[in-house]
Amino acid sequence: MPLGYQPPGRVLVTGGSGFIGRRVVRALLAAGHEVTVADLRASRENPVRNVTGDLCDPEVAARAVTDDTAAIIHLAAVTSVLRSIDDPVHVHMVNVDVTARLLELARENGVGSFLLASTNAVTGNVGQATISERTVPRPLTPYGATKAAGEMLVSAYANCYGITGASLRFSNVYGPGMAEKDSFIPRLMRAARDGEGVQVRGDGTMLRDVVHVDDIVAGIFVAWRSGHTGPLILAGGKSVTVNDMVAAARRVTGRPIPVENVPVGPGEMPAVVVDISAARALGYQPTMDLDTGLATVWPEFDPKGVTV
Ligand SMILES: NC(=O)c1ccc[n+]([C@@H]2O[C@H](COP(=O)([O-])OP(=O)(O)OC[C@H]3O[C@@H](n4cnc5c(N)ncnc54)[C@H](O)[C@@H]3O)[C@@H](O)[C@H]2O)c1
């Protein structure tokens, strides 16, 4: 992966044992960085400095941010929208209070760069309109609201304390390492494996932006290297319908994956179409088409496959 030159220094990856975090940590190690992983679960990558525990605990957060830290890639979060609706207080604690604490520790320790994993869900329902960094955030869920709040804190710390602070708004990320996830692509893979079908809300013509995890990792490096401050959309940049995803999964797995169309739920966005020209201007170039990308996911689910 051509990730380019990075300034030397230790990088703290919070959530480094999660789906995206594992790929980020591997890429950082491959680029020669010293890495600290702060997560509820220890990272199995080697060599990393593990700080294992709950970042809501101020002592855990303080141990994670050392004075040789050059950058913080903050991925740890409650990532389930449904969980955020069930328990908005907890999601605020993890997604907002921890972000605030890490920013303060970044200030105290002279950390140069802070990259927050945000989401296009900060913008809310814009109908069929294209979402850009200029779209006014109107989040629809506690998850989206906490990410928007995190973005505001990053903005303030960038402005007041000279930290390079980017809020990277990912679309739906997929790729190897999704076995524990419950989003649509792993559901397709499980259905193919088990000879079952999937439920599709509406007629399947809703547009969605999906992006491969390796494109996201490359995008994080691009944002960091460019010194970008402010929100930045990292996505595939070419929306596909839910029916396109089903068709691609059928091609890649060779399984029929029957579809049951069910009613559209409340709050379902009719379309997610994003403009990635700001990231492209910095050098971001998503490369993975859907069929190639799904072929990297299937082996973990395929009983005959190998673990990636
Ligand atoms: N996966 C996506 O499609 C997507 C889309 C948009 C934004 N994001 C954002 O990207 C980031 C990474 O997402 P992911 O899919 O890899 O999620 P993930 O759930 O796979 O990983 C999150 C990691 O954070 C850790 N964590 C959670 N709470 C913690 C706490 N209190 N203390 C320490 N560690 C904690 C978890 O143990 C986990 O390893 C998240 O911030 C998420 O909101 C993801």
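**Around the ligand**

Analyst: A ligand nitrogen atom sits 3.3 Å from a polar backbone atom of L40. Keep in mind that this is a predicted model.

User: Which residue has a polar backbone atom 2.8 Å from a ligand oxygen atom?
Analyst: That is I20.

User: And which side chain has an N or O atom 2.8 Å from an oxygen atom of the ligand?
Analyst: The side chain of R41.

User: Switching to helices. At what angle do α1 and α7 pack?
Analyst: About 60°, with the axes 10 Å apart. Helix α1 covers residues 19-30, and helix α7 covers residues 213-226. That angle makes α1 oblique to α7.

User: Which hand does the crossing of α1 and α7 have, left or right?
Analyst: The crossing of α1 and α7 is right-handed.

User: Which residues make the contact?
Analyst: From α1, they are F19, I20, R23, V24, A27 and L28. From α7, they are V213, D214, I216, V217, I220, F221 and W224. I20 also has the polar backbone atom 2.8 Å from a ligand oxygen.

User: How do the residues in the contact of α1 with α7 divide by type?
Analyst: 11 are nonpolar and 2 are charged. There are no polar ones.

User: What about α8 and α10: how do their axes cross?
Analyst: At roughly 60°, and the axes come within 9 Å. Helix α8 is residues 242-253; helix α10 is residues 290-301. The two are therefore oblique to each other. Their crossing is right-handed.

User: Which residues are in that contact?
Analyst: α8 gives D244, M245, A248, A249, R251, V252 and T253. α10 gives L290, D291, L294, A295 and W298. By type, the contact of α8 with α10 has 8 nonpolar, 1 polar and 3 charged residues.

User: Now the backbone. Where is there a cis peptide bond?
Analyst: Between N46 and P47, with omega about 0°. P47 is in the loop between β2 (34-39) and β3 (49-52).

User: Which residue has a positive phi although it is not a glycine?
Analyst: I257, with a phi of about 40°.

User: Where does I257 lie?
Analyst: In the loop between α8 and β14 (259-262).

Methods:
Residues are numbered from 1 along each chain as its sequence is written. This is a predicted model: local features need pLDDT of at least 70, side-chain atom pairs count only at pLDDT 80 or more; totals for chains, interfaces and linings use all residues. Side-chain values use heavy atoms; hydrogens and water are left out. Axes are lines fitted to C-alpha atoms, for helices over the stretch in contact, and angles run from 0 to 180 degrees between N-to-C directions. Helices (H or I, at least four residues) and strands (E, at least two) are DSSP runs, numbered from the N terminus. Angles under 35 degrees count as roughly parallel, over 145 as roughly antiparallel, 65 to 115 as roughly perpendicular and the rest as oblique. A crossing is left-handed if the near helix is turned anticlockwise from the far one by less than a right angle, and right-handed if clockwise. Contact means heavy atoms within 4.5 Å. Ala, Val, Leu, Ile, Met, Phe, Trp, Tyr, Cys and Pro count as nonpolar, Asp, Glu, Lys and Arg as charged, and the others, Gly among them, as polar. A polar contact is a pair of N or O atoms within 3.5 Å; within protein, one must be able to donate a hydrogen and the other to accept it, and residues adjacent in sequence count only if both atoms are side-chain atoms.
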